[in-house]
Amino acid sequence: MNALDQLLKSNQPILLDGAMGTLLMSAGLEHGDPPEEWNLTKPEKIKEIHRAYIQAGSQIILTNSFGGNRYRLALHHLEDQVFELNKAAAEIARQEADAAEGTVLVAGSIGPTGQLLIPLGEMSFEEAQEAFTAQASGLAAGGVDLFWIETMSALEEVKAAIAGIRQVSELPISATMSFDTHGHTMMGVDPVRAVTELQQEDISLLGANCGTGSDELIKAVQAMLGANPDLPIIAKANAGIPQIVDGEVVYNGTPEVMADYARAVTDLGVKLVGGCCGSSPEHIRAMAEALKT
Amino acid sequence: MADDINIKEMESDEIIELMKEDLYDGFVDEVVEEVEELLARDWEAYDVLTKGLVGGMDIVGVDFRDGILFVPEVLMAAKAMKAGMAILRPLLAESNAPKQGTVVIGTVKGDIHDIGKNLVAMMLEGAGFTVVNIGINNDVNSYLEAIREHDPDILGMSALLTTTMPYMRTVIDTLKEEGIRDKLIVLVGGAPLNDAFAEDIEADAYCRDAAVAVETAKKFMKIKQEA
């Protein structure tokens, strides 16, 4: 039995982590710069974040590799370092997870390429798959326990990611989509369709992340659970929505709001819960408290 | 589809309605046929553009706003419109179709999102503007170069991330430093933006979608011309 299965066996909901990107911005990452670069240039900042989430109660931490595919990295002329950046991301998280007291799993975060697949755009399924294989190689080499495909809008892209991962690893795969457009993903996929199509794929976990605020995400996971999925469901909501206050980006979701949301989704039957953009160790701590009661 | 319907036997007004439907459905070949048929009937390119293509795309825009259509459908409709415009463009250039002005439009530095921006570019062109689309991930120098080269009336900036939209302020501040802010109408757009933000960064207006962008651009051009 692998580490993930062990964790899933318990009756308790599993606590994920919170945001990485938005926290890095607070730590000095410039607008528009790639978070993944800090895996090589400022790994101690990444370690601090992982450590803070673990101390707040996170049982699964996500690697700082969300934009670590060659398409996103190319914007910053880093496309030749896909392997190194992803490996470093996984190693950093691995170190913190291994140093923790309890069981903490490392999930390799894989976000969208930002490209549209043919016929809407120019990227072929094979090209997407190759990009994800390259990323998965690095993450596997760095020691992840599972892969975490997230914030996806297109079903085909999720499938390309799954296929890409399977070229180099048999580790468990999770997939979450972002339902941010009238209850659908930007590409028009609704939560029920996400369940029916993706649970046929070689994945172990399924759910919703990001999007707009926690209220919308609760509706999305409710719809997913209503489709009687075969797989454990994930909810990883933003801490409110971002607003510009005095020139700074501020998320309006408080720890209390996130605690309420954590209770609400786990009561509905969500098995894994966490926060996305705008959430911090403080939010996760509040959620951990809420889940204890 | 086109086999069942013989557009040559249809009234021109009916062809326009069919063109709007075919555009909505993303049927590129059909839209091209309908454009060519109307041109063969000596329709003005400008009328085919505005009544058929722009008219069809306006409906797409409304349904997209209302959550009936999503990005894939909008992109397929845009392909059909693009195909129609490719035929009309040379005819429009040599015609007396009203020319609105020149627009330079691009997504800001660090941001790769361009679907909305490309739709705005297409609709502005449909409205008679000359549009220079400088793509994504544009830093200040990129905007300045395009401004120097094309001498536009309007600068359009787009951002989809709250983390990249502050860069618009940087661009506008630089325009002021260069002494060219007053020569330009600056319009901004993107999902996380709003009127308050546009006012704060001293843009001329926030435009929430392509239709609003076109109306706003025309309005500002009118004010400029009357000044």
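**Backbone features, sheet, domains and core of the model**

B:Glu202 counts as partly exposed, with 14 C-beta neighbours inside 10 Å. The model in which this residue is described is a predicted one. B:Glu202 belongs to the loop that runs between α8 (195-200) and β5 (205-206) of chain B. Its phi is near 65 degrees, a positive value in a residue other than glycine. A positive phi of this kind is also found at A:Asn228, near 50 degrees. A:Asn228 sits in the loop between α10 (214-226) and β7 (233-237) of chain A. With 10 other C-beta atoms within 10 Å, A:Asn228 is exposed; the limit for an exposed residue is 12 or fewer.

Chain A also has a cis peptide bond, from A:Ile118 to A:Pro119, with omega near 5 degrees. A:Pro119 is located in the loop between β3 and α7 (125-142) of chain A. Most residues other than glycine have a negative phi, and most peptide bonds are trans.

The open sheet of chain A consists of 8 strands with parallel pairing, in the order β1-β10-β7-β6-β5-β4-β3-β2. At its edges stand β1 (14-15) and β2 (60-62) of chain A; each has a single partner strand, so one side of each is left without a neighbour in the sheet. Helix α6 (residues 82-99) of chain A packs on the sheet and touches β2 and β3 of chain A. The direction of this helix makes about 160 degrees with that of β3(A). Between β2(A) and strand β3 (residues 105-110) of chain A there are 3 bridges, in the parallel sense. A:Leu62 has A:Ala107 as its bridge partner in β3(A).

An antiparallel pair is formed in chain A by strand β8 (residues 242-245) and strand β9 (residues 248-251), which are joined by 4 bridges. Within this pair, A:Ile244 is opposite A:Val249 of β9(A).

Chain B is divided into domain 1 (7-94) and domain 2 (101-226). Taken over C-alpha atoms, the centres of domain 1 of chain B and domain 2 of chain B are separated by 26 Å. Their contact involves 14 residues from domain 1 of chain B and 9 residues from domain 2 of chain B. On the side of domain 1 of chain B that touches domain 2 of chain B, α3 (45-65) and α4 of chain B each supply at least two residues. This side of domain 1 has 10 nonpolar, 1 polar and 3 charged residues.

The largest nonpolar core has 162 residues. Those that touch the most other members are A:Ile61, A:Ala107, A:Phe147, B:Ala77, B:Met123, B:Leu124 and B:Met168. Helix α4 (residues 71-94) of chain B gives the most to this core, with 10 residues. Domain 1 (7-94) and domain 2 (101-226) of chain B both give residues to the core, so it lies between them. Not counting residues up to four places away in sequence, B:Leu124 touches B:Val103, B:Phe129, B:Val131, B:Ala213, B:Val214 and B:Ala217. In soluble globular proteins, nonpolar side chains tend to be buried together.

The contact between the chains takes 16 residues from chain A and 16 residues from chain B. On the side of chain A that touches chain B, 8 residues are nonpolar, 8 are polar and none is charged.

Methods
Residues numbered from 1 in each chain as written. Chains lettered and ligands numbered in written order. Predicted model: local features only at pLDDT ≥ 70, side-chain atom pairs only at ≥ 80, totals over all residues. Core = buried A, V, L, I, M, F, W, Y, C linked by C-beta atoms within 7 Å. Buried ≥ 20, exposed ≤ 12 C-beta atoms within 10 Å, placed from the backbone. Domains from an automatic or database assignment. Contact = placed C-beta atoms within 7 Å. Nonpolar A, V, L, I, M, F, W, Y, C, P; charged D, E, K, R; others polar. Pairing = 2+ DSSP bridges. Axes fitted to C-alpha atoms, helices over the stretch in contact; angles between N-to-C directions.
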